[in-house]
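Hello,

Here is the structure I promised to pass on. Have a look at it first, and then read on for what turned up.

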Amino acid sequence: MLRTAILGVGHHVPSKVVTNDDLAKMFETSDEWIQQRTGIKERRFIDHVPCGPSDLAVPAVRMACERAKIEVSEIDAIIFATLSPDYTFPGSGVLLGDKLGLPGIPALDIRNQCSGFLYGLQVADAWIRAGMYKRVCLVGGEVHSTGLDFTNEGRDVAVLFGDGAAATILGPTEDANRCVMDVQVHADGSGAQLLWIESPASCQMPRITHEMIDNRSVWPSMNGPKVFRWATSKMPEVAQAVLERNGVTVADIALLVPHQANRRINEFVAQKLEIPPEKVIHNIEKYGNTTAASIPLALSEAIGEGRVKEGDLVLFAAFGAGFTWGAGLVRL
Ligand code: UT7
């Protein structure tokens, strides 16, 4: 039976490090508050413009191809998960294809925020198992720093996010011991307004007005405590469901790679699933929340650090705006 293997994973973050103390010079916050509530110590921001997620993705894809031992020219489809596309349209996937020198290959953008990587993984897995493509490049890439409100009004959100990209190369295999075993994703749009950017909006006439800028609806807004409660309920629920339907127990898991939104959320998820702390990857302290990039970025680092090896069972879990959430099980 045809399955999907993760052949290589790579990542790239911009060189500019922004610490919590740097943010505290811009608005009222503190290193202590940010670390206590989120676990974040620093994040990366782009150091020049123009620089979009498609630019950050180029070195990430090259690294993933090197690890997969394939040429970039072998990629035959791109899936780009992002909530901060370079432009409203066209998508970041087509820009990436051009920057990689891959004219003509299809490129699909996925707009499912922090769960975007898992939605993309499910699509890539279906494409490969159907025999449509042989080398799918799945990217999560974000540039948040150009769209945050660095004032007291926006501080609850501005401290959370960072820029970065990560890429995976996926290809067909018949080896059931080295494949994507399962991906389950969900959505509930009743939570849309609890974490969103309200403007500009194509449902408004016109889409953008001075008033929207003045009333700050152009910046991301979040009801943090409500999102926190949803995340700590849905992430363990979907992770447990994926484990159960594959007949896997937590003892079989080598590493939990959760979306990095808040260290406290991930500690809670691990505790609820009874996964011991040494089997959970956290890198939010270095990068903040990189939304669609966070799971492949953490996986790429885990592979680089030797925390996981070929054949290991890895569990992914994510929750994000939409709301969207999901979990995945992969044997590396
Ligand atoms: O990846 C997408 C999914 N996103 C998430 O999963 C995020 C989920 N939510 C969270 O992680 C947490 O809700 C936050 C980290 C965002 C906030 O932590 P919290 O413990 O829920 O804090 P809070 O929003 O209840 O705010 C507590 C206090 C408030 O002050 P008062 O009303 O108690 O006087 C805020 O005004 O902290 C204040 N506050 C800040 N203080 C210093 C909010 N932001 C900041 C800040 N620095 N940056």
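Accessible areas here come from the Shrake-Rupley method with a 1.4 Å probe. On that basis the chain exposes about 14400 Å², and carbon and sulfur atoms supply 51% of it. Please keep in mind that this is a predicted model.

Now for the overall fold. The chain has 11 helices and 13 strands. Its radius of gyration is 19 Å, close to the 20 Å that the globule rule gives for 332 residues, so the chain is as compact as a globular protein of that length. Along the principal axes, the C-alpha atoms fill a box of roughly 55 × 45 × 35 Å. Of the 332 residues, 53% count as buried. If you take contacts between residues at least 6 apart in sequence, 79% of them join residues at least 24 apart. As for charge, the mean positions of the 31 positive and 39 negative charges lie 3 Å apart.

One residue I would like to show you is Asp149. You will find Asp149 in the loop between strand E6 (136-142) and helix H6 (155-158). Is Asp149 buried or exposed? With a relative accessible area of 7%, Asp149 falls under the 20% cut-off, so this residue is buried. Setting aside neighbours within four places in sequence, Asp149 is in contact with Gly154, Arg155, Ala158, Arg216 and Trp219.

Best wishes

Terms used
Residues are numbered from 1 along each chain as its sequence is written. This is a predicted model: local features need pLDDT of at least 70, side-chain atom pairs count only at pLDDT 80 or more; totals for chains, interfaces and linings use all residues. Side-chain values use heavy atoms; hydrogens and water are left out. Helices (H or I, at least four residues) and strands (E, at least two) are DSSP runs, numbered from the N terminus. The radius of gyration is taken over C-alpha atoms; the globule rule is 2.2 Å times the number of residues to the power 0.38. Buried means under 20% relative accessible area, exposed over 50%, partly exposed in between (1.4 Å probe, protein chains only). Contact means heavy atoms within 4.5 Å. Lys and Arg count as positive and Asp and Glu as negative; His and the chain ends are not counted. The place of a charge is taken as NZ of Lys, CZ of Arg, CG of Asp or CD of Glu.
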